[in-house]
Amino acid sequence: MDHVKLGSSGLEVSRLVLGCMSYGDPARGNHAWTLPEEDSVPFLHRALDAGITFFDTANVYSDGSSEEIVGRTLLAAAPRDQVVIATKVHGRMRPGPNGAGLSRQAILTEVENSLRRLGTDHIDLYQIHRFDPTVPLTETLQALDDVVRAGKVRYLGASSMWAWQFATALHLQERHGWARFVSMQDHYNLLYREEEREMLPLCAAEGIGVIPWSPLARGKLTRDWDAVTNRSETDEFGGTLYRDSDAGIVAAVARVAERRGVSRAQVALAWVARNPVVTAPIVGATKPHHLDDALAALDLVLTDEEVAELEAPYEPHEVVGF
């Protein structure tokens, strides 16, 4: 497994990120399709064995149990300084005031809760899960700077938002001398390429590492358009992201994969990974072949003709995922 710098920061990360939203107590939160701990642990071990050192979770995943599983498993299996643990803050964790969002109160409370659940004294990459328009941006950014200065967080990252919002945040961080965002976790795949208009060029210009979420479009790029899974039938958020006109792209992926004699997942992921702005796609794994496909995709080089075939059916989308 190759390792690269995360943007212009000094942090070295693996070329794949294991997304851990699928690992968590199914009885907690609203993800009934997640794997319980005994079923999750083998995937984390398999990722470590394959050389993946970058793991992404969030406080809101399965009401915190994803962080618990990830922390217990990784810290028992590898030296702390050999894994990069990323988590997020923003989603609602408890009822009532200050139980969600990016206020100073919420950030300082949730970073402590995440540290406790992960069982570690620092978070390698602490990300704002979404933009919070209800809180002054300077309040959010100063609170994030404070947790870095306190040694509780090593690096800061952001996730899906408008490019102008991210540019404003980067400007304020530079102006005030606050710790800077080093990464952007955005929605990017063959079915959703709107990030190519502004966000990806901004990240390239600013030296921001890009770690796309859902590079396989929640699995839609890996199967026939009308096929369903347990997750797709219950994933309300995922149901808002794509539309029936995307079926032509799925068919193109199938054609290229068949000609190459590889899986559709390998083709779709290879397309994302070939973008020079992308540092490391975030891949989920709930079946053994998911990791095998992700690893093989890093070695799959698509031709210009194949790329043109994959991209030709794309039509502009409404902006979604924020």
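This is a predicted model: local features need pLDDT of at least 70, side-chain atom pairs count only at pLDDT 80 or more; totals for chains, interfaces and linings use all residues.
Visitor: Where do I start? Which residues touch the most other members of the largest nonpolar core?

Guide: Leu 18, Phe 55, Tyr 126, Phe 166, Phe 181, Leu 221 and Leu 310 do. That core has 90 residues.

Visitor: Which helix gives the largest share of this core?

Guide: Helix H9, residues 264–273. Seven residues of the core come from there.

Visitor: What about a second core?

Guide: There is a separate one of twelve residues. Val 13, Val 17, Leu 125 and Ala 280 are among them.

Visitor: Back to Leu 18. What is it in contact with, leaving aside neighbours within four places in sequence?

Guide: Its contacts include Tyr 23, Phe 43, Leu 44 and Ala 47. Phe 54, Phe 55 and Asp 56 are also among them.

Visitor: New topic. How many salt bridges are there?

Guide: The count comes to 21.

Visitor: Show me one. What does Arg 260 pair with?

Guide: Glu 306. The closest N and O atoms are 2.9 Å apart. Arg 260 lies in helix H8 and Glu 306 in helix H11, so the pair ties together parts that are 46 residues apart in sequence.

Visitor: Is Glu 306 buried or exposed?

Guide: Glu 306 is buried, because its relative accessible area is 8%, and buried means under 20%. Arg 260 is partly exposed, at 31%.

Visitor: And what does Arg 193 pair with?

Guide: Arg 193 forms a salt bridge with Glu 311, and the closest N and O atoms are 3.9 Å apart. Arg 193 sits in the loop between strand E8 and helix H6, while Glu 311 belongs to helix H11, so this pair ties together parts 118 residues apart in sequence. Arg 193 counts as buried at 13% relative accessibility. Glu 311 is partly exposed at 26%.

Visitor: Which residues are linked in a network of salt bridges?

Guide: Glu 67, Arg 94, Glu 110 and Arg 117. Within that group, Arg 117 bridges to Glu 110, with the closest N and O atoms 4.0 Å apart. Both Arg 117 and Glu 110 are buried.

Visitor: Now the outside. Which residues form a nonpolar patch on the surface?

Guide: Trp 162, Trp 164, Val 319 and Phe 322. Together they have about 430 Å² of accessible area.

Visitor: Where is Trp 162 found?

Guide: In the loop between strand E7 and helix H5. Trp 162 counts as partly exposed, at 42% relative accessibility.

Visitor: What do nonpolar side chains tend to do in general?

Guide: In soluble globular proteins, they tend to be buried together.

Terms used
Residues are numbered from 1 along each chain as its sequence is written. Side-chain values use heavy atoms; hydrogens and water are left out. Patches are made of residues with over 30% relative accessible area and no salt bridge: like charges are joined within 9 Å, nonpolar side chains (Val, Leu, Ile, Met, Phe, Trp, Tyr) within 5 Å. Accessible areas come from the Shrake-Rupley method with a 1.4 Å probe; for residues, only the protein chains shown count as cover. A salt bridge is a side-chain nitrogen of Lys or Arg within 4 Å of a carboxyl oxygen of Asp or Glu. Helices (H or I, at least four residues) and strands (E, at least two) are DSSP runs, numbered from the N terminus. Buried means under 20% relative accessible area, exposed over 50%, partly exposed in between (1.4 Å probe, protein chains only). A nonpolar core is a set of buried Ala, Val, Leu, Ile, Met, Phe, Trp, Tyr and Cys residues joined through side-chain atoms within 4.5 Å. Contact means heavy atoms within 4.5 Å.
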